[in-house]
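Here are my notebook entries from an afternoon with this model.

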Amino acid sequence: MDRLKSRRTFIKKGVLFGAGISLLGSPLYACTSNKSSRKLSILILGGTSFLGPHQIAYAISRGHSVTTFTRGKTKPTIHADVFDKVEQLIGDRENDLSALKDRSWDVVIDNSGRKTEWTRKTATLLKEKSGLYLYISSTGVYFPYKSDGIKEDTKVLLKTPEGVSDDILKMNYDYGVMKATSELAAKKAFGVNRTIVVRPTYMFGPGDLTNRFIHWPIRLSKGGNVLVPGKKDDPVQYIDVRDVAEWCIRLAENKTNGTFNAVGPSKSMNIQGFVKEAASAFNVNNNLIYVNDYDFLRKNKVYYIVPWIIQDSYSYGSARISTEKAKESGLVYRDLPNSIKETYDWWYSDALTDDIRQRFEGNPNTILAREQDIIKKWISTNKK
Ligand SMILES: NC(=O)c1ccc[n+]([C@@H]2O[C@H](COP(=O)([O-])OP(=O)(O)OC[C@H]3O[C@@H](n4cnc5c(N)ncnc54)[C@H](OP(=O)(O)O)[C@@H]3O)[C@@H](O)[C@H]2O)c1
């Protein structure tokens, strides 16, 4: 139950939060940001939180023009420097799309889709005068994750099953169903040949204020006994937000249509491999303590440390999603240690206030705060 609750919290936060700044240089960014031969006009529904600013920075660097559509509440602090080159329209997807009327764009990117109706309305409004519609969905459409190697053509639920009385479980279903039916709404308006659907897994990177992934950069920078949760072969999947952002723009440039999982890493990885590789971002001694007993982890309220999530019948396939189609379509990945280090640098940069950092690092309920006690218990349990 608690695990599902935590999953729900992720989803909720993933949808509702996000602000930050990223002016961090990246070698891959530099080498893929040459000008595009086709200049596009791009409308981003959203654009000012986490994924959006990275899309905008890349699009501008490729020579495209960008318009955003938001309520004007979330301030663009990621890549803040590029926003003076962005046309910023104000409205509300709930009830005021007037700023979009009688306008046309080559590409519409729908980042802020939180209700099927929102996507239906914007796609219907924009379909005659705009070229492509790129909808940011989620691997949440595959919930519950029952199988291995989930591909894009896997049948997804379009309705929350009857009789789901648990509200947390229901929320997981509802989120997946909302994303899946929004995909259909986009396709219905624009047609399949003019629609791109991108389904990201857990995204992390500079600008992520959901506090889901930051555990690892902070923890691995400190050294000492590090709790590594789960069984050796528990798979993990994740993706640097910048890899998704830049690939979205390239898909649009290439007028690619279709549905794509936005999932990494390139090769399958388990939690132990993940922690070892991530730890190499820092020059400190980490003593990895493998806590591989699910009952012990549950008892100590360790249900997840993203990208790891405890394996059960609902989550089994959540980190076993196929990456093949995306890679064939040009998705490339940054190195994990670089992503970890750049996320760490962003977290401790002037872009964030001490107050923001403290809300996470000073929270006694986080695993960061409880880790050493859990490790002590684990060691004493195993000595018996
Ligand atoms: N984070 C993850 O790991 C993850 C994983 C899978 C899928 N996703 C999906 O990725 C997408 C990208 O999210 P993001 O936050 O990074 O995108 P973003 O485009 O950077 O920011 C979200 C934008 O939505 C705008 N917005 C919110 N409510 C609005 C409304 N009623 N009318 C108009 N604009 C509104 C916000 O601005 P204002 O507040 O100023 O309106 C903000 O600009 C989401 O659809 C999410 O479900 C995320």
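**Entry 1: the ligand.** I began with Arg-71, where an N or O atom of the side chain is 2.8 Å from an oxygen atom of the ligand. I counted a polar contact as a pair of N or O atoms within 3.5 Å; within protein, one must be able to donate a hydrogen and the other to accept it, and residues adjacent in sequence count only if both atoms are side-chain atoms. Thr-48 also has a side-chain N or O atom facing a ligand oxygen, at 2.4 Å. For a ligand nitrogen I found Asp-92, with a polar side-chain atom 2.9 Å away. I then looked up the area: the ligand taken alone exposes 930 Å², and the protein buries 96% of that. Those areas come from the Shrake-Rupley method with a 1.4 Å probe, and for residues only the protein chains shown count as cover.

A note on the model: it is predicted, so I kept to local features with pLDDT of at least 70 and side-chain atom pairs at pLDDT 80 or more, while totals for chains, interfaces and linings use all residues. Residues are numbered from 1 along each chain as its sequence is written, and side-chain values use heavy atoms, with hydrogens and water left out.

**Entry 2: the shell.** How many residues surround the ligand? I have 31 on my list, and the closest are Gly-47, Thr-48, Thr-74, Asn-111 and Arg-212. A residue is near if one of its heavy atoms lies within 4 Å. The shell divides into 11 nonpolar, 13 polar and seven charged residues. Helix H3 gives the largest share of the shell, three residues. Helices (H or I, at least four residues) and strands (E, at least two) are DSSP runs, numbered from the N terminus.

**Entry 3: strand S2.** Next I followed S2, residues 65-70. Five of its six residues are buried, so the strand is largely enclosed by the rest of the structure. Buried means under 20% relative accessible area, exposed over 50%, and partly exposed in between (1.4 Å probe, protein chains only). S2 pairs with S1 (residues 41-45) in the parallel sense over five bridges; two strands pair if DSSP finds at least two bridges between them. Ile-42 stands opposite Val-66 of S2. S2 also pairs with S3 (residues 87-90), again parallel, over four bridges, and Thr-67 has Glu-87 of S3 as its bridge partner.

Entry 4: Which residues are joined by cis peptide bonds? I noted Phe-143 to Pro-144, with omega about -5 degrees, and Gly-264 to Pro-265, with omega near 0 degrees. Pro-144 lies in the loop between S5 and H5, while Pro-265 lies in the loop between S10 and H8.

I also marked Asp-102, which has a positive phi of about 60 degrees although it is not a glycine. Asp-102 sits in the loop between S3 and S4 and counts as exposed because its relative accessibility is 70%. Asn-211, also not a glycine, has a positive phi of about 60 degrees. Its loop runs between S7 and H6, and Asn-211 is partly exposed at 23%.

Terms used:
Ala, Val, Leu, Ile, Met, Phe, Trp, Tyr, Cys and Pro count as nonpolar, Asp, Glu, Lys and Arg as charged, and the others, Gly among them, as polar.
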